[in-house]
Amino acid sequence: MKLLLNESPLQVLPSLSIKIGLNEAIFLQQLHFRLLISKKVRDGHIWHYKTYDEWHVEEFPFWSTTTIKRIIRKLENEGYIISTSSYNRMVNDRTKWYRIDYSKIELLADQNDQTHGPQCTLKKGQCDSSSEAKLDLPITKENKRIKKDTVGKHPDVVSIINYLNEKTGKHFKASSKATERYVNARLREGYELDDFKNVIDYKVKEWLHNAHWNKYLRPSTLFNATNFENYLEEYRGATEKRNPPVHTVAQPFELDFSKGEV
């Protein structure tokens, strides 16, 4: 199978990511890996079963359960995976059984070969020069650096560091082990991409033009466990001050005893 690996999990081919999306490709590759070692056979097909929470805890702790549901739903709707709960012994069992429609993947592989391969219409070994001109350009040092910084990383790690660099004008690398460790630790604690952006925006506004504090606009300071929680609370407090909740004042109620009893 050209678009799926028979090796360790959490690997993904760029060509598959382009076709169906990065998150979907990661999930599909992991499901493929599980199917290779699964012994659950029903109706002539090999299946792997899990609840949404088990996918989150055991396979993808960097995604929320909601994100996993959305990824699975998209793959189901597009026909890349087939799922059912009909094999569960109990009616109230929420476990779902999954298998891949490999015929759909083969179609993608065929399309990929037609798109990227040179079209040879002459004798064997001879290709039209115009087709050769359409091949991808050689990988430059810059392309290698970008690939090293992004491939194999949680998508949010790259997004967060890119956002920090954009706001500060600095050049931190998502490939840094220390940086990745700080960000992944906060993601595992349940913080989301917007939380990181809020902390970055809040501290950039406060420190960017301060010669002393500007140097602390860095991952080791912003995403440190204690600092991150404190900075996020500072942001929330400042937001509440700018947008205080509206309290409805109850109107006084007077009893009129002069009218007597109705």
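Guide: What follows is a set of questions and answers about a predicted model.

Visitor: Why is His48 called buried?

Guide: His48 has its place in strand S2, and its relative accessibility is 13%. Buried means under 20% relative accessible area, so at 13% His48 counts as buried.

Visitor: What makes Asp43 exposed, and where is its place?

Guide: Asp43 sits in the loop between S1 and S2, and because exposed means over 50% relative accessible area, its value of 64% puts Asp43 among the exposed residues. The phi of Asp43 is also positive, near 55 degrees, in a residue other than glycine.

Visitor: How do you know that S1 and S2 pair, and in which sense do they run?

Guide: Two strands pair if there are at least two bridges between them, and strand S1 (residues 40–42) and strand S2 (residues 45–50) are joined in the antiparallel sense over three bridges. Within this pairing, Trp47 in S2 is the bridge partner of Lys40, and the two strands form a hairpin with two residues between them.

Visitor: What makes S2 and S4 a pair?

Guide: The requirement of at least two bridges applies here again, and three bridges join S2 to strand S4 (residues 96–100), the two running antiparallel. Here Tyr49 stands opposite Trp97 in S4.

Visitor: Why is the contact between Lys74 and Glu24 called a salt bridge?

Guide: A salt bridge needs a side-chain nitrogen of Lys or Arg within 4 Å of a carboxyl oxygen of Asp or Glu, and the closest N and O atoms of Lys74 and Glu24 are 3.9 Å apart, so the pair counts as a salt bridge. Lys74 lies in helix H4 and Glu24 in helix H2 (residues 22–37), so the pair ties together parts that are 50 residues apart in sequence. Lys74 is partly exposed at 33% relative accessible area, whereas Glu24 is buried at 10%.

Visitor: What makes Glu76 and Lys96 a salt bridge?

Guide: The side chains of Glu76 and Lys96 meet at 2.6 Å, N to O, and because the limit is within 4 Å, this pair meets the rule as well. Glu76 is partly exposed, with a relative accessible area of 22%, while Lys96 is buried at 17%.

Visitor: How many salt bridges does this rule give?

Guide: The count comes to nine salt bridges, and Arg34, Lys50, Glu58 and Glu59 are linked in a network of them.

How values were computed. Residues are numbered from 1 along each chain as its sequence is written. This is a predicted model: local features need pLDDT of at least 70, side-chain atom pairs count only at pLDDT 80 or more; totals for chains, interfaces and linings use all residues. Side-chain values use heavy atoms; hydrogens and water are left out. Helices (H or I, at least four residues) and strands (E, at least two) are DSSP runs, numbered from the N terminus. Buried means under 20% relative accessible area, exposed over 50%, partly exposed in between (1.4 Å probe, protein chains only).
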